[in-house]
Amino acid sequence: MAPYLELEHICHAQQGFLRPLVEGRLAVENIVTIGVKSRRGNEVEIEAIVVRSTNINKDPVTVNVCIMYKEAVVEKRIKDISCTCPAGACKKHCCKHAMAVIIHLERKDESEIEVLTCTDTKQVWDKLKESTMSKFDPVPVSEFCCFPKTTPVYRRRVNKVTPDLLARVKEVSLKAHPQSEAAIFWIGVREPKAVEPQVMACPSPRLTTFFQDAVSEPYYLVNKAHQLSQELLAKCSPAEREYYAQNIVLSTDEALQIFLGTTEQDNSTWDGARFGRITGSISYELFTYYLNKTPDWENKLTGVFENRYKNDAMAAGNLYESYALKKYVLEESKKQAGLESVKVGILINPLLPWLGFSADAVICINNVVSKLWENKTPVAGRRVNASGICKHLAYMNKEGKLKHKCPHYGQVQLGMVLLNLQVCDFTVYCTGPVLPLKPKPNPLIESVHVETVVINHTFCDKYLKRLCHVYFEKILPWLTEISEEGDH
């Protein structure tokens, strides 16, 4: 027999977030019961009850882990993981309770994990609640097993502090804390703060210039939204303002590093930069949900930021984006000389650090960034070509124009504001018939519909204003609350 999970599965579940791993290792002792809830072929579902360390008087949380037991690929071994704590927990943002269960499964052999019946969970918790809660009874620090038994200071002989010892203590202290006020006073200058190395793309002068232009001379609505966001931030609680300052606000240099380091849009830096910020893909549903007369913001935000929902259209978009861009450039180059595409990362303007936008690409003409490029690859494009595709799409009208009341319109308008571009080429890519085992499209059959969308000043003004209220009235309080739970 062997454990359900190995060390490599813990590393994958961590996804670059250190805190859940550190706290999860300590929370292993809080697991009240754990066992196999069900088996379906290669699929094993584990359920565990974990006592909350932040509030032991509340009911414990329930963690469910679905494991593909015979799956050799590390990324596919943990099929799904969930926790009932406020953080919600998903594979990309694994909470400490879920991480504790994963660590426990790695430490224990399969034979040591018992099978649970449908009533075991409740019965075990009822029986063990009193004894389990007793673990958290307060005791003096001196009774901790790790607390050394020392002689009281008034019984010990204390050596006299010599000038040499005093000088040595001062030297070591200043070297250990170079950023402290004492270091500034004695040394005279603050030492450069060490920057953690990041994996990033080779800096492109063209991209760097584009970023600096977009940030230093932003679209005028950015400054207007910045003023409103500062007014709303002033009305937030001290805890919310502190969370905002520590986790959302960033400098221009930090924003540039993120922009250059996320051009592939699939690493942990990109994922971390999107979490807690309104991005183009989620902006419209938040914009419309704000007017909901019976909202459930906790469930809404949990679903939005976990982003678990995927469909065939999304999968097709990721798979065929490079083919769509190549086809678009090939067609448009016939009309415009000097046209080329450039992949970019997520752009976050420090004036509005709670917003972010990951463009599919930007279009350069004669080496100058001139357009935003956004693409959709509908499944209907496998049977209909570009000349007739618009009739099959809910977000396009009969004239082949992008409808204003749809998520894609809000997405491209927000992108143009943040990137300070006036035009977006919105494309619909049709692959033509493709085989499941050979998804590469046929160059003789593929086609692309191009619609040029210009920036809508009135819409963008209304869009940014409402998103400001959404963020500072709904999202920031929610982020602060789950942060205080200690699950991120």
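Me: In which sense do β5 and strand β8 pair, and over how many bridges?
Reply: Quick caveat: this is a predicted model, where local features need pLDDT of at least 70, side-chain atom pairs count only at pLDDT 80 or more, and totals for chains, interfaces and linings use all residues. Residues are numbered from 1 along each chain as its sequence is written, and side-chain values use heavy atoms, leaving out hydrogens and water. Strands here are DSSP runs of E with at least two residues, and two of them pair if DSSP finds at least two bridges between them. Thr279 has Gly356 as its bridge partner in β8, and β5 and β8 (residues 355–358) pair in the parallel sense, over two bridges.

Me: What is the strand order of the open sheet?
Reply: β7 and β8 run antiparallel, joined by two bridges, with Phe357 in β8 as the bridge partner of Leu347. The pairing in this three-strand sheet is mixed, and the order is β5-β8-β7.

Me: Which are the edge strands?
Reply: Look for strands that pair on one side only. Those are β5 (278–279) and β7 (346–347).

Me: Are the residues on the two faces of β8 buried or exposed?
Reply: Buried means under 20% relative accessible area, exposed over 50%, and partly exposed in between (1.4 Å probe, protein chains only). In a regular strand the side chains alternate between the two faces of the sheet. Leu355 and Phe357 sit on one side of β8, Gly356 and Ser358 on the other, and all are buried.

Me: What is the relative accessible area of Glu484?
Reply: Glu484 belongs to helix α17 (residues 457–484). Glu484 counts as exposed, with a value of 57%.

Methods:
Helices (H or I, at least four residues) and strands (E, at least two) are DSSP runs, numbered from the N terminus.
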